[in-house]
Every structure is written in C-alpha cells, then in structure tokens.
Amino acid sequence: MAGYILRRIGLAGLMLFGLVCLTFVIANVAPSDPAALAAGPDAGRSQIEQARREYGLDKPLPEQFLRYVTDLAQGNFGRSIATGRSVGTDLARYFPATLELVILAMLLGVLLGVPLGVVSALRKDGPVDHVTRIFAVSGIALPPFWFGLLLQLAFATWLGLLPTSGRISVFTEPPDPITGLLLLDNTLRGQWPLFREALSYIILPAIVLSLPCLASILRVNRSEMVEALRMDYVVAARAHGVTPWRIVMVHALKNAMLPTLAIIGLRWGWMMSSTVLVETVFDWPGIGLYAVSSAIAGDFKPVMGVTLIVGLNFMVANLIVDLLYGVLDPRLRRA
Amino acid sequence: MSALLEIRDYRLAFDTFDGTAQVLDGIDLTLSAGETLGIVGETGCGKSVLARSLLQLNPMPPARVVSGQIHFRDEDILRLPERAMRRLRGRAIAMIFQDPASYLNPLLAIGTQMEDAIRGQDIAASLRKRPRAAARARAAELLAAVGLPEPARLLDSHPHMLSGGMRQRVLIAMALAGDPALLVADEPTTALDVTVQAQVLALIARLVAERGLALMLISHDLGVVAASCARVAVMYAGTVVEEAPTGELLARPLHPYARGLIAAVPDLDHPERRPQGIAGSIPGLIAPPSGCRFHPRCSAATDRCRREKPLRRELLPGRSVACHHATP
C-alpha cells in the first residue's frame, strides 16, 4: 500500500510541473502587452519600457520561467498588474467562496446522485428509472447560466423566498473568517441566523452548479449498479442467503462505486472551472468572477493563479480518488 | 426413503428478442435425502438453468415458468414468494458454482462474505441475527471443515490472493454454512486444474457422506459424475433423455444420445479406440426440432421420431429412457 501511495504522489508531482509549464506558456502567448497595462493608459514608450524592466518582462523567457517557478515555490503568485495587489492574497480571499460553493454542490451531487442511481438500477426500465433518466439528460443539457436565471426569476423575483445574488447581504457585517467558508464558520460559532442567511444566498448557485455533476454521477452509478447486480458474485450471494439490502448496499454498490468515484473526482475539478459561469450569474465573489474580471482587463497574473488553483484541484481530487481506489480495491494495493 | 426433491413436468421458457426459447421442456426428477444424482449434457442443454431453478435464481423476466412443480419437502418452490424462498437459500438448499473466481466478490474479504451469508440466513429464518464475532467464529469453523489451513488469516484475505482450488473450497465452506439438506453443485470442477479437480471432488464426496447431504451434481464431464454420483440423468436440449444408475448407464447406455456421449469420452484403457463425436450440434431452443429433439442428429431416427415427442418410460427397474426405439 505504501508503494502505491508513493507512486500516486510521485505522478501527481510530475503533473504539477506540467501544469506550471502550461500556465506559463498560456500567459506568454496571450495577445496583450502586460507592460503597457502596468504603465497605464497614458504612458509613453519610455514609461512602458520602464514597467517592462520593473516586472522583469525584458528578460529572456527561460529566465522568466525560472523566476516564476522559484516564486511559486515560495508561495508567491506574483502581483496583479492592474491593481498592484498580491495575487496570493486575492486568491486567499476569493478561493474560500468558490470552495464553499463547490463543496455544497458536490455534496448535493453525491448524496442525491448515488442513491438515485441505485434506485434507478433496481427499478431498471420502470417509471422511476425513466423519470431519473429525463432528469439526468436535462441536467446535463441545460446551460447553467440559463437555468440560473430561471431559478432567480422563480425563487427571488416571483416567490421572493431567496436573494438573487451575492454571498451575503451587503448590510451584514461579515464575521472574521475562521476557514472562510461561511456555513462552516457560522456553525462553529453557533450563529444560526447568519448560517441561515448564508444558506439562502448559496443554495441557488449550488443547485445550478451541482446539476450536471448530479446528473453524471446518477447515470454512471445507475449503469454500474445494473452491471454489478448482474455479476456472478451477486447470484452467489443470493444463493448463500445474504440479505437483499446487504447485497445491494455493500456487495454490488462497492463495485459500482469504483467508476463512480472516478467521475466524482473529475467533476470536482470540472466544477472548479465551470463555476465561472455560475459565479457571474449569481455575482458570487469567487475565483471564477476574479478570473473573468482579470482576463477582461488583460491582467495575466491572476489568470495564471486561478488556472493553477483549478489545475491543482483537479490533481488533488484525482489523487484522493486514486488513494480511495486503493482502499476500496484490494487488487490495486499490490499492483 | 421419502423424496426430498421432486420435479414434475417442469417447463421453463426464456422470452428473448428473437422469440421464446423453451429452455426446459418437461423435466421429471426425484431425489431422496442423502442421495446423489448427476446431471450430464452438453453446454446449453439447460443443466445450469435447472440447477438455478431450485433456488429461484433465474432472472424473471426473461425466464418464465410455463408449467410444473418443484416440490422440496412439502413446499412447491415455483410458487414460493421471494421472502419464503430466502428461508430455503443456504439453509435447506445450498449451491456451489462453476468459476470460483467470479462467484466471490473481488472487493470483499472472505470473512465479510461468509459472515454476511451466515447472518443473512439467521434473518431469513427469523432467528436473532448472530453478532459479527459469532458469525466469524462459525466461518472459521467452516473453513477448517473443508480443509483450509489458517482459517483466521484466510478470513481477512481477499479472493484474488487465493488459488482456484482454495477459492472453490471457500465457496463450498459457504455452502455448508446453513447445514443444508441438498447441495447443488453446478460444474464445480470445470474451472480447476485436473489435480485440484480430484481434491475438490473428494472433498464433496466426504462432506456428502459425513453430513448425509443429498447431492445434485451438474457437469458436462461424465467422469466427474461417475466418480461422485450413484445415479445419472442425461439431458439433451431441455429434456431428460435417460436416467439410470451410474454403472449401468456407463456399461450399457440405452438412449442414442447417451451412447454418443459415452463414445465421445477418450478411453485410457483402450487408447486405440478413438473417441467418437456426435454429428451436428445442439439445436436452437427458439424453434426446436419437432418430435424428438434429438432426431436431426440421430442415426436411428424414423418418421415417428420427427412427428411425435417420445415420453420417458421405465424400461428396466430404475432405468428410464425417452426414445421410441430403445429396447431393454
């Protein structure tokens, strides 16, 4: 098992290096001139050249890359050229908002997707199966911005039950962050009114973000369960008198969870990046919104930072999935 | 001896996209407590479907009971609801399977699978469910009973760590968990090496003798059946064509198909006698041959065989044959 873990971590390290290279290349093929942006709209040629030297942009690319890597190693994401703020500080501020959204969306996806997948498999080609199939297909097909607008219209404008956008009311003094996740912080402090307020803001974007994730988990889990329930070991378990509940929830589901886990890992990374649309619709102050506004301004350091964070999430999620595979499947521990 | 298992005119069909396959076409068999019965036939003749019927393990649909009864003790298995059926599985009728690698769950430890079976049987029998530790102790006892060393360590292993022979022993141990009266063995040695085959057959024979089990052993291999069963039923395309005491069948088969089956076995004592195949192949069951299902492959077939399905009749005491032309 130790060898398996080490190998997985080693692979993740290689992937991280590839990711760093990629973000650097992307930033350097971008068509804007960061030095001109830094010097301001009215700057002359000499001022732009001075900015170029200041930011080290006049150095040859290999040297810039080396500096980029050493900075990253020290946790330094560089400075935003437009605002002059440290990208690391900005990310620390915006990332928890996105993380909270993605965690809630993932919880919805897993806690609804897996049981619905199991039920659909057990009632294969029955009414329940048809309903979840239609639900899943629409979940994947609906564009999130459109669905988000629809929910805002229904729950905020017509019913007036939930706020339209933002993370918390502008009149509410946000408490000092513990983790930066509002729901968790307010639970830790026992501040239930604030918890309810935060929940009312997060629930709609979380639903919109989770729908495609929920749909794909449901479909994968359903087809894997159908497959598992047909296996010889299920026939044997029935013949030996194992209870139907144990057969479904342990003997078959454990096997079905392997491919489902892979989808969960991919969807985690996918949500981190697709949150851009959801955050824009709901004005959610996360890294998606941050990346969009920076990209529009041609400010490449924040975009690189966000890309790194998203890529890192993909990697960590897949590393965790790989490790869980090893826990679930004893055959992998030796391989 | 009273009959433990009595199968009467059992017909089972599978509804498929291409039509209805008459997989079992009027099976009549009787098995008394402690008796051993072998069932032989080519692949696809319905042996395994028959075996699974005894525990209602065939998926329905597509499978559908057309007619008949399967009486086990006083109950008709075909009419038992699923809940009542669960009471029988493992505790009255137990089953071992062909390929122990695929019939053990790859992700669960041997101990977990055995405990689940033992505790599940407790629940089905409306007994208080044994605590895990007690079930585990029972599982270790069973593993020791089938001659597996270090049962305690084995309980924590996963199936992929065991050899084929060990896996089959584990499955046999699981089948013994509920002290069944009838053991159904569906090709228990087909997936094993020949040397391991002999060990597993010896183990089954020992358990049958020690525990007074009735045994229904299904195999395509006459040798396996001859080694373990007092009586044999030969199946062809969903029907039993001949039933006889094993020795008598091997010495003098009466049905043309049984004759062909025996002629197809290589004879180690007379290597100069080449094994003979049976011409043709097993018929499709969606549109089976009219009359006797064997007639297209039978050299003795007449017009009557094409028209009229032969009923199985007793030609000699304990020997019955389904052939118009068979004579004692």
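Modeller: Let's start at Glu150(B), which lies in the loop between helix H5 (132-145) and helix H6 (151-155) of chain B (helices are DSSP runs of H or I with at least four residues, strands runs of E with at least two, numbered from the N terminus). This is a predicted model, in which local features need pLDDT of at least 70 and side-chain atom pairs count only at pLDDT 80 or more, while totals for chains, interfaces and linings use all residues. Residues are numbered from 1 along each chain as its sequence is written, and chains are lettered from A and ligands numbered from 1 in the order in which they are written.

Although Glu150(B) is not a glycine, its phi is positive, at about 50°. Most residues other than glycine have a negative phi, and most peptide bonds are trans. Glu150(B) is exposed, with 11 other C-beta atoms within 10 Å (buried takes 20 or more other C-beta atoms within 10 Å, exposed 12 or fewer, partly exposed in between, with C-beta atoms placed from the backbone).

Glu187(B) also has a positive phi, near 50°. The loop that holds Glu187(B) runs between strand S7 (182-186) and helix H8 (194-211) of chain B. Is this residue buried or exposed? Glu187(B) counts as buried, because it has 20 C-beta neighbours inside 10 Å.

Next come two prolines in the loop between helix H1 (47-53) and strand S4 (63-72) of chain B, where Pro61(B) and Pro62(B) are found. The peptide bond from Met60(B) to Pro61(B) is cis, with omega near -15°. From Pro61(B) to Pro62(B) the peptide bond is cis too, with omega near 10°.

A further positive phi, near 45°, belongs to Ala237(B), in the hairpin of S9(B) and S10(B), which has two residues between the strands. Strand S9 (residues 231-236) of chain B is joined to S10(B) by six bridges, and the two run antiparallel (strands pair if DSSP finds at least two bridges between them).
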